[in-house]
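Please look over the sequence and the structure below. The paragraphs that follow go through selected parts, one after another.

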Amino acid sequence: MFSRVFLSLLAIAILAPASVVADTLDRQAQRNVVSRLKVALQQNYAFPDRIPALSAELDRRVQSEPIDGKAFAASLAQGLVKASDDLHFSVAFDPEEVAAENRAKAGGETSTQAQRDSERAANFGFRDARRLDGGLAYIRFDFFADPQYAQDTAVGAMRFAEGAKGLILDLRYNNGGVLELAQFLMSYLYPTGKEQKFFDYNYNDHGVRVERSQWSLAAVPGQRSGDIPVVVLTGSTSFSAAEWMAFSLQRLGRATVIGERTAGGAHPVARVPIDERFMLQAPIGQIRDPVNGQDFEGVGVTPDLAVPASDALSAAQDFLLRKRAQAGDADAKWALVPVDFAISGQTTSAKDLDDAVGKYEGRTLSRTPNGLAYHWRDHSVLALDPIGKDLFAVQGTDDYRFHLVRENGHVARLERVWKSGETARYRRLD
């Protein structure tokens with residue numbers, strides 16, 4: 001779903017009189033559902049010239065034999081997608097959800113209590129927020145929840161960008177949602193006092209075309225990050241509102257998009273109950289970027305740097321760190337080492353790891369399934385992860401690393417290398 005906010009602005013199809021809810025529909029019941037779907041399309045669908053083709057496809061989905069309600073809904077949805085080539089269309093057979101949707105609208109709500117509970121249990125889509133080496137902030141969120149409920153969580157995530165030297169927004173697995181949350185998050189990327197248009201859009205309201213725009217918000221909680229470079233990660237399943245966030249930031253020159261071409265779902269939608277059992281989700285308008293007035297429907301957002309989605313995070317770190325490293329930033333150079341190792345695809349052989357196992361002055365190294373363990377004074381143990389030829393990062397700290405020094409093909413000593421460049425050497429004893 002693109003934006004629930006649009007839902008309250010729509011004309012909802014007149015509900016059929018209450019009746020006994022049946023799971024199986026005969027031919028006449030199927031025709032009644034199709035008839036109500038056509039009315040809902042006339043009232044809400046953004047492209048009236050396509051309705052005849054959609055109606056014809058719906059008529060073809062009526063079967064002579066009784067059919068299960070869920071199976072019929074799935075068939076109708078397939079027909080709408082087929083006739084429109086718009087992945088936003090869906091039809092659901094869910095009497096409980098329809099009743100909840102109607103109760104929510106009657107109470108002036110934009111979502112049902114069950115939907116809000118589900119989103120809250122999923123932390124409103126925010127899966128990860130942390131600082132990466134080199135002063136980078138990373139935020140991953142997998143859907144856009146209603147900011148009325150998600151704002152505190154969103155603010156908490158954006159605080160990880162405060163003071164960062166670069167920001168990575170991970171939308172690779174984001175399937176869309178409420179566009180106003182994208183507006184809220186994007187506002188953090190512009191300085192106070194900067195009025196920036198993000199989107200132009202239109203939608204149907206009782207058959208009347210309404211034009212609107214979304215701009216950066218005048219105030220947001222916490223600090224803005226208006227002057228740091230931003231990368232947006234995308235994947236082939238990035239959809240709808242996620243695509244719009246990536247597309248607009250890209251067009252405005254505010255972010256670099258890295259990853260895969262997105263799914264190509266550009267239209268805002270609304271959920272429309274058509275009777276006491278069936279729910280239609282339909283595109284209700286169009287959104288356009290603020291630069292060229294274009295969208296990406298059916299095409300997707302093309303990344304500035306195309307890489308497999310699985311490699312996009314490493315590519316983003318490399319992109320943000322390398323510019324600083326080339327300018328002489330020592331912190332960025334230090335952080336680039338493990339990134340380059342990950343991108344290279346190199347691995348440390350089991351033999352090289354086994355060669356390192358042994359006693360050194362005041363400490364020992366032992367093997368772990370993925371690397372080495374550093375033991376000191378019989379009680380301190382630190383895990384070491386390979387990040388280069390005979391080079392290891394220390395889990396829990398980025399202040400120093402360990403380097404194995406070989407002589408005549410054998411490990412002769414262990415070196416602790418601090419970020420400052422200072423070193424300490426520990427001779428091998430066995």
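Trp418 is partly exposed, as its relative accessible area is 28%; buried means under 20%, exposed over 50%, and partly exposed in between, using a 1.4 Å probe and protein chains only. Tyr400 has a relative accessibility of 15% and therefore counts as buried. This is a predicted model, in which local features need pLDDT of at least 70 and side-chain atom pairs count only at pLDDT 80 or more, while totals for chains, interfaces and linings use all residues. Residues are numbered from 1 along each chain as its sequence is written, and side-chain values use heavy atoms, with hydrogens and water left out.

The chain has 430 residues, of which 51% count as buried. Its C-alpha trace spans about 90 × 50 × 35 Å along the principal axes. The secondary structure comprises 11 helices and 22 strands; these are DSSP runs numbered from the N terminus, helices being H or I with at least four residues and strands E with at least two.

Aromatic rings come next. The whole structure holds 17 aromatic pairs, where rings of Phe, Tyr and Trp (its six-membered ring) pair if their centres lie within 6.5 Å, and planes under 30 degrees apart count as stacked, over 60 as edge-to-face and the rest as tilted. Tyr400 and Trp418 form a tilted pair, with 6.3 Å from centre to centre and 55° between the planes. Because Tyr400 lies in strand S20 and Trp418 in strand S21 (residues 410-418), this pair ties together parts that are 18 residues apart in sequence. The pair of Phe198 and Phe199 is edge-to-face, because the planes stand at 65°, with the ring centres 6.3 Å apart. Phe198 and Phe199 are both buried. They also belong to one aromatic cluster together with Tyr190, Trp244, Phe247 and Phe296.

How much of H8 (residues 241-251) is buried? Of its 11 residues, 10 are buried, and the helix is mostly covered. After H8 comes Gly253, with a positive phi near 75°.

Some rings also have a charge over them, meaning that NZ of Lys or CZ of Arg is within 6 Å of the ring centre and within 35 degrees of the ring normal. Arg363 has its charged end over the ring of Tyr426, 3.8 Å from the centre. Arg50 lies over the face of Phe47, and the distance to the ring centre is 4.1 Å.

Strands S4 and S5 (residues 136-141) pair in the antiparallel sense over 6 bridges; pairing requires that DSSP finds at least two bridges between two strands. Asp128 has Arg140 in S5 as its bridge partner. The hairpin of S4 and S5 has 3 residues between the strands, and in this hairpin Gly134 takes a positive phi near 85°.

S4 also supplies at least two residues to the lining of the largest pocket, as do H9, H10, S19 and S20. What share of the lining comes from H10? H10 gives the largest share, 4 residues. The lining divides into 9 nonpolar, 3 polar and 4 charged residues.

Definitions and conventions: Nonpolar A, V, L, I, M, F, W, Y, C, P; charged D, E, K, R; others polar.
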